[in-house]
Protein chains: 2
Amino acid sequence: MSNVYHEHRYANGLQLLVEPMSWCRSAAFTFLVPAGVSREPATAPGCANLVASLLTRGAGSRDSRQLSNDLDNLGIQRHEATETIHTSFTAATLADNLEPCLTITRDIMRSPHLHADQLELCKASTLQELMAIEDDPGQKIFIELKRHSLPEPLGRPILGSAEGVQRMTPEMIVDFHRRCFRPNGAILGVAGNVDFERIRDIIGELFDDWKPIDEPPFSVAQRHGSRQHVPAEKLQTHIGLAFDSVSYSDADFYNAHGAVGVLSGGMSSRLWTEVREKRGLCYSVGASYHPLKDRGIILVYASSSSDRANETLEVIFAELERLLLGISDDEVHRLQAGLKSSLIMQEESTSARASVLARSWYHLGRVRPFDEIAREIEAMTPESILGYLERHPPGNFNILTLGPTPLEASA
Amino acid sequence: MSNVYHEHRYANGLQLLVEPMSWCRSAAFTFLVPAGVSREPATAPGCANLVASLLTRGAGSRDSRQLSNDLDNLGIQRHEATETIHTSFTAATLADNLEPCLTITRDIMRSPHLHADQLELCKASTLQELMAIEDDPGQKIFIELKRHSLPEPLGRPILGSAEGVQRMTPEMIVDFHRRCFRPNGAILGVAGNVDFERIRDIIGELFDDWKPIDEPPFSVAQRHGSRQHVPAEKLQTHIGLAFDSVSYSDADFYNAHGAVGVLSGGMSSRLWTEVREKRGLCYSVGASYHPLKDRGIILVYASSSSDRANETLEVIFAELERLLLGISDDEVHRLQAGLKSSLIMQEESTSARASVLARSWYHLGRVRPFDEIAREIEAMTPESILGYLERHPPGNFNILTLGPTPLEASA
């Protein structure tokens with residue numbers, strides 16, 4: 001078992017990455033197209049997600065019904081997701097079914113029908129999804145925290161807004177598709193029981209006539225600290241907290257992972273131990289690191305009954321402060337064990353590898369080899385993580401609470 | 001790549017199943033112990049889950065902190081879950097770390113400390129978890145639907161009740177552990193880069209002195225239809241519906257999967273098409289088949305804004321009725337493609353295989369070989385699925401709604 005990848009860039013800018021995994025019978029791909037919410041016109045929030053929903057409702061020679069039938073006939077486990085930067089298409093199936101799946105994917109990307117009557121149906125089910133989020137505080141807090149902690153256009157909610165969705169016209173949909181579904185900036189990662197040359201030739205044939213379109217880069221403002229409370233008649237208060245970290249390509253990438261791991265990686269981590277195990281304040285508590293291309297952000301989340309939420313937030317602040325006071329060798333060893341184990345698991349899954357290929361390429365213009373990642377994990381020390389924390393100390397927080405009453409605790 | 005498993009039953013009744021997957025670097029296990037909620041005394045709802053939470057808070061020579069540290073040091077991705085019949089322990093890590101992980105697991109199972117002060121902390125975080133469920137209608141409807149559709153003791157909520165948790169004493173905890181953590185009825189499935197003889201000998205040494213305990217089988221009443229509404233000030237009405245199906249060992253097992261697949265397997269399925277794609281009534285809609293040892297149940301779920309919820313339920317009833325009127329060859333082909341594809345994916349994951357080994361053994365006393373499953377999937381026809389539906393027509397429903405007002409639609 002060894003993970004070696006091949007790469008090819010087509011004349012129109014489309015980037016292909018292929019990792020043959022000959023011991024598997026499955027194959028998977030992740031196709032990233034630069035059509036995320038950050039590319040929406042400010043006047044059309046929700047546009048990217050509606051386009052993604054419409055793509056499979058008729059494309060090329062197939063109407064909506066035929067398209068669904070043909071995709072299901074190939075036994076494809078697939079998903080379209082609107083993200084901040086990209087719209088992603090992921091699929092996994094038997095390796096033998098990969099080629100017909102890619103052929104249909106070509107139609108979905110390049111010649112979706114985007115019919116007005118289908119748009120109305122997509123709008124209706126998106127409005128239902130927006131209502132479901134309003135009823136689910138655990139989802140809503142993350143969407144609102146993203147909006148508060150990432151400046152325009154990075155913080156936009158994936159579904160847009162009910163008003164935006166209601167106002168959407170077929171023209172806005174067609175325009176977004178024409179502008180954002182382009183080969184320059186698109187990345188296709190394929191992993192599984194496949195042959196590189198064969199995939200390269202097929203993708204070449206399928207996407208050869210896709211014309212690049214210039215798209216100006218967007219600029220993003222600085223993040224500003226904030227504190228907001230969303231009143232909601234719930235039993236629990238949901239707490240979200242965000243602060244700056246580093247980008248995917250930063251030399252401190254692994255140290256940022258390390259700092260978040262000390263806080264929240266495994267049951268021996270500090271937040272888990274201090275908030276849940278020692279005090280029983282919460283069931284859910286954790287931190288996560290979200291590297292983007294030009295920045296990174298760390299999110300902390302907890303939910304606790306309203307009488308214990310203030311203490312929960314106090315303990316979180318205390319733990320963020322304590323991070324800078326020192327990290328033990330043992331903590332770093334545990335982190336390293338967890339990261340190495342995750343790395344090996346990922347190496348065994350065609351879907352996970354396809355995703356890593358495409359996403360690493362977007363961030364780095366290359367895919368980090370297994371040995372390099374293993375070396376970087378090995379090189380982590382308490383000092384290297386503390387060095388990162390001194391360069392990027394937790395602070396200037398976005399603090400968001402959702403529940404019956406605002407909290408008083410402060411950093 | 002081929003999936004061949006080995007089995008061994010120890011003198012005390014513990015059942016071992018091992019599937020070597022030599023092309024992997026990871027190993028995983030699923031350990032089922034007959035300590036699910038169905039084994040709780042009726043006076044101690046929540047007992048099973050509290051015991052599962054306490055197991056990792058000190059065991060053998062390790063206190064809570066040392067235990068967390070040592071498990072994280074092995075890079076283990078692990079999870080304890082209380083289920084209806086079992087408490088399950090799942091873990092995945094590097095194959096090299098499997099043996100020390102099993103050694104610690106022995107202590108967790110056999111000699112947990114179950115300290116009174118740790119119990120109080122577990123009670124506090126469980127009460128938080130119960131509150132989080134009250135705030136999340138999408139979770140709550142499934143818990144309530146299970147309670148209404150599966151008779152005692154199968155329908156019990158995993159977390160018990162707030163009153164039950166508050167009342168729990170250290171004596172009740174110790175008694176449940178002593179009675180239910182026993183080798184007869186326990187099943188360990190291991191898959192990954194492992195050697196069968198070696199695992200067999202290690203498990204033999206670790207669990208040799210575990211004494212079997214007789215436990216009378218429990219009897220379960222018949223299911224009765226019901227209709228209930230839970231008033232809740234939400235934007236959406238959540239709809240849950242349950243009806244009888246067949247057990248895991250039934251000759252109709254694959255046909256039951258097939259019937260649910262026609263309703264809800266993939267984007268061409270009937271519920272997806274009729275409720276979401278054609279009418280835009282919902283974002284979430286689906287059906288799932290839950291085979292148990294002596295019975296099976298099919299659950300249907302949807303959530304829709306309160307003004308469209310009644311139509312949603314009407315369409316669901318109409319689709320259940322239409323199932324009996326006929327199924328096309330094309331629908332069965334699509335189902336078969338999806339099932340075959342899932343089968344291949346599962347075969348490539350050590351965690352998935354470990355789970356299948358243990359759970360198949362519980363239900364069947366054997367593990368269905370890949371070729372047999374592939375043959376059964378191939379053998380499905382519209383007639384075989386219709387035959388199943390005629391023997392077990394959807395009806396005698398448990399209907400549960402949660403939202404602002406009750407619905408009027410009826411079957």
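**Briefing: chain A overall and the setting of Ala409(B)**

Chain A exposes about 15700 Å², of which carbon and sulfur atoms supply 51%. The model is predicted.

**Fold and dimensions of chain A**
- Chain A contains 15 helices and 11 strands.
- Its radius of gyration is 22 Å, close to the 22 Å that the globule rule gives for 411 residues, so chain A is as compact as a globular protein of that length.
- The C-alpha trace of chain A spans about 60 × 50 × 35 Å along its principal axes.

**Burial and contacts in chain A**
- Of the 411 residues in chain A, 60% are buried.
- Among the contacts in chain A with a separation of 6 or more, 82% are between residues 24 or more positions apart.

**Charge in chain A**
- The chain carries 40 positive and 54 negative side chains.
- The centres of the positive and negative sets lie 2 Å apart.

**Ala409(B)**
- Ala409(B) is located in the segment after strand S11 (398–403) of chain B.
- Its relative accessibility is 5%, and because buried means under 20%, Ala409(B) counts as buried.
- Leaving aside residues up to four places away in sequence, Ala409(B) touches Arg227(B), Asn310(B), Leu313(B), Glu314(B) and Phe317(B).
- One of these partners, Phe317(B), is 92 residues from Ala409(B) in sequence, with a C-alpha to C-alpha separation of 8.4 Å in space.

Conventions. Residues are numbered from 1 along each chain as its sequence is written. Chains are lettered from A and ligands numbered from 1 in the order in which they are written. This is a predicted model: local features need pLDDT of at least 70, side-chain atom pairs count only at pLDDT 80 or more; totals for chains, interfaces and linings use all residues. Side-chain values use heavy atoms; hydrogens and water are left out. Helices (H or I, at least four residues) and strands (E, at least two) are DSSP runs, numbered from the N terminus. The radius of gyration is taken over C-alpha atoms; the globule rule is 2.2 Å times the number of residues to the power 0.38. Buried means under 20% relative accessible area, exposed over 50%, partly exposed in between (1.4 Å probe, protein chains only). Contact means heavy atoms within 4.5 Å. Accessible areas come from the Shrake-Rupley method with a 1.4 Å probe; for residues, only the protein chains shown count as cover. Lys and Arg count as positive and Asp and Glu as negative; His and the chain ends are not counted. The place of a charge is taken as NZ of Lys, CZ of Arg, CG of Asp or CD of Glu.
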